[in-house]
Amino acid sequence: GDVHGCGEELEELLDFVLEADPSCRIRLVGDLLTKGPEPDRVLRILDEMRLVGVDIASVCGNHDLRLLLSLLRCREGDLAPRSPRHDRETIDRLRRADSVELAIDWLSETVNRPHCNAGRATVIHAGIDPIRGLAGTTMHDLIHRKARSGEPHWWDHYDGRDGLIVVGHKPLRSPLRKVRDAKVVVVNVDTGCV
């Protein structure tokens, strides 16, 4: 799910998953660093995993995109109050840990990946247009799509034609599985870690 700067929880999850299968690929649904207490630890964990050969990648989340822009403005000396509070707090934590450049590196890679494959699944951050399908969905929707209060979520109308879609972005009390014709077609893994 959305990591949101929760280093301890990410480390615990990855230890559990990799103990069961050290050769598995790790795919994260975005929103890596903002909101949580340990964005520097998240970066250290991701780097350590890569160094030992774990195939690990994240798709672009809305917070990733916004934080990267704030970090680039910060690098140029412009961190105006217009940056969201979560971004300012995350940047302060990254500065104290001397991890700003590492964050820029990871986020630069992440924002260029709006979706990726994970076995038979496609991993995205937010959602797709259920009528146009994955190929017809804008990058904006892949990163930002969320139902307004009282409206149905995109997955309520998704027929499964693009296969299994794994998402985050919309925190739920427990992971969601949508089934069509006896096949799981959507899994939302954002349980609101923060």
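Which side chain does Arg 132 meet in a salt bridge? In this predicted model, the partner is Asp 129.

**View 1. Salt bridge between Arg 132 and Asp 129.** The N to O distance is 3.5 Å. Arg 132 is exposed, at 58% relative accessibility. Asp 129 is buried, with a relative accessible area of 13%.

**View 2. Salt bridge between Arg 41 and Glu 11.** The closest N and O atoms lie 2.5 Å apart. Arg 41 sits in helix H2 (residues 39-51) and Glu 11 in helix H1, so the pair links distant parts of the chain, 30 residues apart. Arg 41 counts as buried because its relative accessibility is 19%, and the limit is under 20%. Glu 11 is partly exposed, at 27%.

**View 3. Salt bridge between Asp 55 and Arg 27.** Here the closest N and O atoms are 3.1 Å apart. Asp 55 lies in the loop between H2 and strand E2 (56-58), and Arg 27 lies in strand E1, so the bridge ties together parts that are 28 residues apart in sequence. Asp 55 is partly exposed, with 36% relative accessibility.

**View 4. The largest pocket, with a volume of about 570 Å³.** Its lining comprises 24 residues. Nearest the centre lie Gly 1, Leu 13, Arg 27, Leu 28 and Val 189. Helix H1 (7-20) and strand E1 (26-28) each supply at least two lining residues. H1 gives the most, with 5. By class, the lining has 15 nonpolar, 4 polar and 5 charged residues.

Terms used
Residues numbered from 1 in each chain as written. Predicted model: local features only at pLDDT ≥ 70, side-chain atom pairs only at ≥ 80, totals over all residues. Heavy atoms only, no water. 1 Å grid on protein atoms, 1.4 Å probe; cavity = no way out; pocket = protein on both sides within 12 Å on 5 of 7 lines; lining within 4 Å. Points joined across faces, edges and corners; volume = space filled by probe spheres on them. Helix = DSSP H or I, 4+ residues; strand = E, 2+ residues; numbered from the N terminus. Nonpolar A, V, L, I, M, F, W, Y, C, P; charged D, E, K, R; others polar. Salt bridge = Lys/Arg side-chain N within 4 Å of Asp/Glu carboxyl O. Buried < 20%, exposed > 50% of the residue type's maximum accessible area, 1.4 Å probe, protein only.
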